[in-house]
Amino acid sequence: ESKFMDVLFQNGLKKKEWFLALRAVTQRPLEFFLNLKDKLEHNPMMGAKGSGETEIYTTDDFMTLYNLVSHSQLWDFKEHAYKAFFALFFIRCLQKSNYFGEHQSSDNQLGESELLIGNILIHLMEVATMNSHEIGQAQKGEGQTWLQASTEPVGCAIEPTLVLLNHSCDPTLLRVNSGTSTYCFASRLIRKGEEITDSYTFTYDILSKEERQPDLSKKYKFNCRCGPCENNWKVYQYLPSSFNDLPESQLKLEMKDLPQLKVKVQEIQQLGAKINRLQQSEEYAQAMETYRDFLKAVEAVIRPPHQFYVIARRSYHACLWILFGNTHC
């Protein structure tokens with residue numbers, strides 16, 4: 001693989017997740033795929049309960065990767081042509097590195113083994129597009145604190161278990177990358193029976209519905225119907241920021257409970273100030289513990305969306321990156 005990676009970069013392959021398809025092939029000898037070719041029937045329901053399948057779903061099994069959704073029928077002609085061009089380019093690179101050995105064709109026509117690998121590459125390129133996760137790294141500049149750090153992309157990966165989660169623009173989990181591992185944390189209180197969701201794109205507080213939907217439709221081939229999309233939640237700067245601008249429908253307590261409301265508001269303000277103090281003194285673990293109390297206090301009074309929810313989630317995520325994630329300064 002190292003023999004031709006520079007060539008791929010120089011020729012401007014912008015679909016970085018397609019390198020994962022190539023990697024999935026080069027990790028195994030040609031004989032592996034020749035022995036497997038009669039079993040290569042795409043089955044996205046592999047491992048699903050009630051599907052009748054007996055295979056155990058494991059992340060290190062090639063068929064687990066192969067059977068992830070590809071939505072091949074939803075790709076347009078231009079996308080298929082682009083895939084085919086790069087699959088052929090990958091094949092030529094593999095030929096140059098002698099991947100096919102004695103099975104390599106002697107002219108410009110592709111032989112049976114090369115066509116097999118080409119078809120596998122095209123399928124895995126679709127799988128990678130639908131299922132890859134960006135790998136990030138928290139980076140801070142000179143004079144910045146870790147709370148001011150930004151998360152920058154450094155690569156991508158396919159994690160066959162994690163990709164089973166559905167999308168929401170207000171996900172119930174947060175992801176943090178650490179080396180070759182991805183840690184997942186609850187982003188809020190998850191009730192029994194509530195679905196655990198991931199976000200495939202920017203969350204509702206960063207991009208509007210009008211900006212999120214085209215990206216999800218073009219890349220992942222679905223129209224999102226999560227709560228923020230169905231109810232057209234606004235981006236952060238247009239959300240209620242206090243109790244004074246809060247619509248009555250979002251207030252969980254009635255006006256007759258005004259004394260109780262005042263106590264709850266004071267509790268929220270005190271916990272928010274405590275989290276800020278702990279973060280400023282770099283006591284991130286303690287700040288994370290306080291975050292749970294803060295969120296419980298907010299949920300007792302306010303229905304989302306509200307800036308309090310967003311601030312809490314972003315603050316919590318920052319602490320997670322600092323304590324558990326890849327960092328660079």
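These legends go with several close-up views of a predicted model. Local features here need pLDDT of at least 70 and side-chain atom pairs count only at pLDDT 80 or more, while totals for chains, interfaces and linings use all residues. Residues are numbered from 1 along each chain as its sequence is written, and side-chain values use heavy atoms, with hydrogens and water left out.

View 1. Rings of Phe, Tyr and Trp (its six-membered ring) pair if their centres lie within 6.5 Å; planes under 30 degrees apart are stacked, over 60 edge-to-face, and the rest tilted. By that rule there are 18 aromatic pairs. Take Y82 and F86: their ring centres are 5.2 Å apart and their planes meet at 80°, so this pair is edge-to-face. Helices (H or I, at least four residues) and strands (E, at least two) are DSSP runs, numbered from the N terminus. Y82 is partly exposed at 33% relative accessible area, whereas F86 is buried at 4%. Here buried means under 20% relative accessible area, exposed over 50%, and partly exposed in between (1.4 Å probe, protein chains only).

**View 2. Y204 and W233, a pair joining two loops.** This one is edge-to-face too, with 5.0 Å centre to centre and 75° between the planes. Y204 comes from the loop between β4 (181-186) and α7 (209-220), and W233 from the loop between α8 (227-230) and α9 (258-280), so the pair ties together parts 29 residues apart in sequence. Both Y204 and W233 are buried.

**View 3. A cluster of rings.**

**View 4. Charges over rings.** A charge sits over a ring if NZ of Lys or CZ of Arg is within 6 Å of the ring centre and within 35 degrees of the ring normal. R28 does this with F32, its charged end 5.4 Å from the ring centre. K83 does it with W75, at 4.1 Å.

**View 5. N177 and its surroundings.** N177 is part of strand β3 (residues 173-178) and is buried, at 4% relative accessibility. Its side chain makes a polar contact with the side chain of T182 (3.2 Å). A polar contact is a pair of N or O atoms within 3.5 Å; within protein, one must be able to donate a hydrogen and the other to accept it, and residues adjacent in sequence count only if both atoms are side-chain atoms. A polar atom of the N177 side chain also lies 2.7 Å from the backbone nitrogen of G136.

Notes:
Contact means heavy atoms within 4.5 Å. Lists of a residue's contacts leave out its neighbours within four places in sequence.
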